[in-house]
Structures are given as C-alpha cells and as structure tokens.
Amino acid sequence: MAVSIAILDCDLLLHGRGHKTLDRFDLDSVSDDFLLTQFGFPREFILYLVELLREALSRRTQRSRAISPEVQVLAALGFYTSGSFQTSMGDTIGISQASMSRCVSNVTRALVEKAPDFITFDRDDPSRERSSQEFRRVAGFPGVLGVLDCVQVTIKAPNNEDSSYVNKKGFHSVGCQLVCDARGLLLGAETCWPGGLKDADVLERSRLRQQLQGVQDGWLLGDRRYPLKKWVMTPVDCPESPAEFRYNLAHAATHEIVDRTFRAIQTRFRCLDGAKGYLQYSPERSSSILLACCVLHNASLQSGLDAWTLERTDPPEQPDGVAQGPEERDSEAEELRKQLILRDFS
C-alpha cells in the first residue's frame with residue numbers, strides 16, 4: 001500500500017532512524033563570522049547558553065529521536081534574531097519548520113525559567129551605590145536607582161478579540177515594563193501586560209511598585225506618562241527657572257538610557273521589531289518570547305557583550321503627559337522634587 005509522504009516526519013526523511021540525539025549541525029565546522037551572521041551571537045556565548053540550558057532542554061526531549069540542546073539553541077536564536085521560521089534557517093541546521101517551532105518553544109520556556117537569575121532589582125547596597133554613581137556620571141542626576149519605561153511589542157489579534165490588547169495607536173500589542181541601569185542591564189522586565197493599559201496603570205499594578213514604594217534612599221526616573229511619586233521622579237511639566245530647565249535636561253539625558261536599551265534589544269531580536277512584522281502568537285506566548293529575549297540581553301551583557309552594539313538611531317517617541325487633578329497630586333513627592341532641584345541643579 002502506498003503511504004502518503006505528507007504524513008512522514010521531515011526529519012526522518014533527512015536523517016533516518018536509530019539516533020538517540022540528532023546532531024544535525026556541528027558548531028566546530030563553521031566560522032565565527034557565520035555564527036554571528038546567522039544566529040546573532042559569537043561562538044563563546046552560544047556555547048555558554050547551551051551549557052546553561054542543557055539540563056532543561058534534555059528533560060524536554062526524552063524521545064528516541066531527540067534534537068540536541070545545541071541544535072535547539074541555534075534554532076531559537078535563529079528565530080529570535082530573524083523573526084522568521086523560514087525554511088532556509090531550518091535547512092541551515094538540518095531540521096524542519098515544525099521542529100524549529102518546537103525548539104523555539106522549548107528554549108523560550110527554559111529561558112523564562114532562568115529570568116529570576118538574570119533580571120533582578122534585589123541587589124546589595126554596594127551594587128546600588130555603584131549604579132547610582134554611574135547614573136550620576138551620565139548627566140549629574142543624583143540618587144537614581146534605575147530608569148523606567150513601558151514599551152509595546154506588536155502581536156497578532158487574540159482569537160477572543162480581547163480589546164484590552166489594542167493600544168493607543170490602534171494595533172494589538174503586549175506591554176513590557178522595563179527598568180534598567182546605566183549600562184543597559186535590565187533590573188526589571190514585566191512582559192505580560194495588555195497593550196491597551198496606560199503606563200501609569202501598569203506601574204500601579206506591577207510587582208515593581210510593591211518593591212519600591214517604601215524606598216527612602218533613591219528613585220526611578222520615569223517620563224511624563226508616569227505620575228510623580230517619592231520613588232519616581234518625572235520631568236517638570238512647565239519649567240520656569242534655570243534650575244528646572246537643568247533638571248529636565250539631566251532627566252531626559254539619563255532617562256534616554258532605557259529607550260536606547262529597548263531599541264538595541266529590538267534590533268538584535270528582530271522578532272520583536274514591529275517594522276519587520278508582528279509576533280504570530282497568543283499574548284501569553286508572545287510575552288514569554290519577549291521575556292526570553294530580555295534574559296538573553298542580560299546574559300549577553302553579563303558575558304561581556306556591548307548592550308548597544310546594534311542600537312538603532314531613530315529618536316524615541318515624545319510621550320504625552322499624565323493629567324492629574326489636584327486631589328491626585330502627591331504633595332510630599334512635589335516637595336521632594338523641589339528640594340532636589342534646589343540642591344543639585346541651582
């Protein structure tokens with residue numbers, strides 16, 4: 001009886017039976033330039049990543065014909081950095097498009113599990129002091145613990161037509177609240193928010209607020225989309241004195257770090273760049289892919305790679321301010337900002 005070739009495993013056709021682990025791609029057989037061009041990272045970092053995730057990826061592939069951790073990592077990096085499951089990428093490492101998808105799912109889950117190890121605000125006092133000094137060297141702004149922003153990553157419309165994912169520009173997205181230090185290292189990345197939520201609402205509901213609202217010895221810098229708080233310093237809406245202008249200039253120069261960081265992440269991980277198309281997944285899976293890319297960003301930075309090597313040069317969008325009624329204003333925060341301006345920018 002003839003068997004339809006459509007039901008056969010493409011990998012089986014390519015590689016046959018009898019292999020416990022299919023090592024379809026030999027890292028040692030290709031040049032450093034090839035790896036950097038095809039997968040976005042140098043050999044040393046790829047090998048580090050394979051060892052970091054080997055146990056998790058081996059647990060998920062206990063089948064008679066499992067795909068090796070090396071090939072799974074390459075498949076995922078190929079997708080993250082190109083945003084595509086194109087047949088050419090699968091051909092490069094010797095797996096089918098379906099296997100590419102499974103590999104990306106496995107590696108994404110493994111990276112998300114590692115997120116608490118790589119993205120954390122809970123650092124010791126000496127680390128926070130060094131970070132504050134690094135921020136101050138940027139533009140003279142004192143006491144900065146991190147720079148805060150909420151960014152949007154385009155996704156396909158959810159199957160249930162949930163309007164909460166439609167952002168102010170009219171397209172579907174997931175929101176990601178980011179905090180980074182002066183080097184571009186992410187201190188926080190909450191990637192699960194519907195794109196229709198305002199930045200201030202995301203902050204109000206976030207874990208970050210619970211962590212920092214009682215902080216007494218520093219603040220985050222947020223743009224005009226955030227309300228002024230004792231732990232979130234925002235620009236002066238209508239500066240009048242030279243000191244207020246200097247404060248706003250220092251604030252803008254320092255806050256730009258988080259914009260630069262996300263532009264660099266989008267450029268390295270083109271699956272997140274809306275100009276290249278949108279993530280073809282549910283909001284939940286899209287959020288996981290976004291968090292996985294954030295983990296890779298921090299892991300690569302901690303391994304010695306430059307956070308902004310691939311930074312785009314397009315200017316950040318200028319945000320609209322938050323309209324606050326008199327009853328919503330934080331008088332203690334306003335007094336704190338006033339004293340900060342008088343002390344450090346007069």
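Visitor: Which side chain makes a polar contact with the side chain of aspartate 223?

Guide: Happy to start there, with the reminder that this is a predicted model, where local features need pLDDT of at least 70, side-chain atom pairs count only at pLDDT 80 or more, and totals for chains, interfaces and linings use all residues. Residues are numbered from 1 along each chain as its sequence is written, and side-chain values use heavy atoms, with hydrogens and water left out. A polar contact is a pair of N or O atoms within 3.5 Å; within protein, one must be able to donate a hydrogen and the other to accept it, and residues adjacent in sequence count only if both atoms are side-chain atoms. At 2.8 Å, the partner of aspartate 223 is the side chain of arginine 225.

Visitor: Is aspartate 223 buried or exposed?

Guide: Aspartate 223 lies in the loop between β6 (219–221) and β7 (232–233), strands being DSSP runs of E of at least two residues, numbered from the N terminus, and helices runs of H or I of at least four. Buried means under 20% relative accessible area, exposed over 50% and partly exposed in between, with a 1.4 Å probe and protein chains only. With a relative accessible area of 8%, aspartate 223 is therefore buried.

Visitor: With which side chain does the side chain of lysine 230 make a polar contact?

Guide: Lysine 230 also lies in the loop between β6 and β7, and at 38% relative accessibility it counts as partly exposed. Leaving out residues up to four places away in sequence, lysine 230 touches Gly218, Trp219, Asp330, Glu332, Ala333 and Leu336, where contact means heavy atoms within 4.5 Å. The polar contact, at 3.0 Å, is with the side chain of glutamate 332.

Visitor: How far apart are the C-alpha atoms of lysine 230 and alanine 333?

Guide: Along the chain, lysine 230 and alanine 333 are 103 residues apart. Their C-alpha atoms are separated by 4.4 Å.

Visitor: How are α10 and α12 oriented to each other?

Guide: The axes of α10 (residues 242–268) and α12 (residues 331–344) come within 9 Å and cross at roughly 100 degrees. Axes are lines fitted to C-alpha atoms, for helices over the stretch in contact, and angles run from 0 to 180 degrees between N-to-C directions. Angles under 35 degrees count as roughly parallel, over 145 as roughly antiparallel, 65 to 115 as roughly perpendicular and the rest as oblique. So α10 and α12 are roughly perpendicular.
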